[in-house]
Amino acid sequence: MLDFVIRFRSFLLLGTLLLAQLLLVAYQVQTDGETRLLRVWAVWSVTSVERGLHGALSGVGGAWDQYVWLWDARQENESLRRERDRLQLENQQLQNAVARYGREEELQQFRQTIESQSVLAQVIGSSSNPASREFYINQGTEAGIHRGMAVIVADGIVGRIYAAYPNAALVLRIDDPEAAVGVLLATNRVRGVVRGTGGSEQRLDYVGINVEVGVGDTVLTSGDDRVYPQGLPVGRVSQVRNLGRERYIALEPFARLNRLDEVLVLTGGPREPLPVTPVDEAPYILMPNPAENPLTEATPPETPAMRPGGLGTYVPMTDADRLRRIYETIADDQDHEYGVTRSGSPDFNRGFAEADVEVGPDD
Amino acid sequence: MASYDILLRREEPQLPRLAELGLFVGALAIQVLVPYYIPVTRLFDLTLLALVYVALHRRSEMAGMFSGAAIGLAQDALSHDPVGLFGMIKTIVGFVCGWISQFVEIDFPGARSTLVGFFYVTQQIALWTLQTVLLGKHVEFSLPGALVLGALHAVLAWFLFALLDRVRIRP
């Protein structure tokens, strides 16, 4: 036995290692809980490097633009030419800055137009999986970002937060094969689901074969998925193919998913929990008085009847009250007393004088 | 014979351990950073190249196996797939690389590049199988596309491994 273990120790270790990882995968697939600590550590370490590199590259680029290039210009030109070059350089820098601030301003203005609360974030890297469509942003749970929140730009929706870490978040783009968005067609408000294919186009599913869909139709979010608010632009129908009883509808997204610099993360809005405050109760409705019958024609509303003795005021009688009064009148006419043994029952067919019926509430 | 092999291995130039670690971390960092600026580089799996190089030159299936598990798990941790998916695949790749290295002349560039192409295609098939069977995902797979990318990886490995050979030092 020991010889066997020693001889095949590498294979045994391989099997153990694979089994452990298989169990690890199975555990993750079965549960949908919080983010694993292993991922938090790994992402924290890598995103720290990414942020550092990003900052270093920006600093070097800025230093190059602001000093080195300018120093070269001074060396090449002495007087007016040097001044002109410097101004050109500054102009270029300003144009770059304006372009960058323009993008941010555009996002900020767009931010004002949407009802949801949002956080502005910069894209700092992509995923390590070549097959997936995802990227990292430089804001995380410390900025109020959590898993499942929508990520958008002014052109349209981009994706949703797949995992949130303290200072970064992983965004799953809408063109990832795992992504799906509840949408509606802007022309006829028919609802469907947009799925990612991993390619440059998405697929629009669950639209009936008889629904009229044309190339160029605009597709908006429906809000049914409780991730994206209703009415955000998603894309434009680029292809419609009938395949027998099915139909293939391709969608071209509005947002430039391959080239994103800044994005907005919707931190509030449709994803907020349902309100727990009870709504105002419906107002009480007072029904009209019981319908009058011939026995009470002389009674209100025109001439309110008075209680016997003239002390009371008119109180509306119900049909049951009136029926009871009729039975009491019949019993009085025939000297009958209800509830008395061997007294039988009055003859209800004999009728009664209408004048005998007292109108008004019983004492 | 075994002792002779060990003597031979001791004579071979090796990549320093720190350089191996740097190679893995660098491959991961580049794979995460560069596709953001150059989207087409998303197609290349640099971690696979690093693993094949290290596992081949260690000439040990154990070392290759643990290296593969480490780099695979790290790659999983940086994506949204369950941790262990790439870990399992790269564990097997590292193990097989270390095992094959005992029979193949690894200093021949053609052999290393061919192995890289082969392992890339194998990895894609294994990945598709795991995602489909284990996770129940609907993932499209193109064998011709995988073969073309495998060939591209082989070409890239040819040049990259030649550069890495310069870093190796004789003990």
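Visitor: What makes the reach of helix α3 of chain B close to the expected one?

Guide: Helix α3 (residues 46–58) of chain B has 13 residues and reaches 18 Å from its first C-alpha to its last. The expected span is 1.5 Å times one less than the number of residues, which for α3(B) comes to 18 Å. A helix here is a DSSP run of H or I with at least four residues, a strand a run of E with at least two, and both are numbered from the N terminus.

This is a predicted model, in which local features need pLDDT of at least 70 and side-chain atom pairs count only at pLDDT 80 or more, while totals for chains, interfaces and linings use all residues. Residues are numbered from 1 along each chain as its sequence is written, chains are lettered from A and ligands numbered from 1 in the order in which they are written, and side-chain values use heavy atoms, with hydrogens and water left out.

Visitor: Why is α3(B) called mostly covered?

Guide: Buried means under 20% relative accessible area, exposed over 50%, and partly exposed in between, with a 1.4 Å probe and protein chains only. In α3(B), 11 of the 13 residues are buried, among them Thr47(B), Leu51(B), Tyr53(B) and His57(B).

Visitor: What do the buried residues of α3(B) pack against?

Guide: They pack against α2 (17–37), α4 (61–77), α5 (85–100), α6 (109–134) and α7 (143–165) of chain B; contact means heavy atoms within 4.5 Å. Arg59(B), which follows α3(B), has a positive phi, near 55 degrees.

Visitor: How do you know that strand β3 of chain A is joined to β4(A)?

Guide: Two strands pair if DSSP finds at least two bridges between them. Between β3 (residues 150–152) and β4(A) there are 3 bridges, and the strands run antiparallel. Ile152(A) has Ile157(A) as its bridge partner, and Val151(A) stands opposite Gly159(A). A hairpin of 4 residues joins β3(A) to β4(A).

Visitor: What makes β4(A) and β5 of chain A a pair?

Guide: They share 6 bridges in the antiparallel sense, and Tyr165(A) has Ala168(A) in β5(A) as its bridge partner. Their hairpin has 2 residues between the strands. Strand β4 (residues 157–165) is mostly covered, with 8 of its 9 residues buried.

Visitor: In what order do the strands close into a barrel?

Guide: The 6 strands of chain A follow the order β1-β2-β5-β4-β3-β12, with antiparallel pairing. The twist averages 45 degrees from one strand to the next, where axes are lines fitted to C-alpha atoms, for helices over the stretch in contact, and angles run from 0 to 180 degrees between N-to-C directions.
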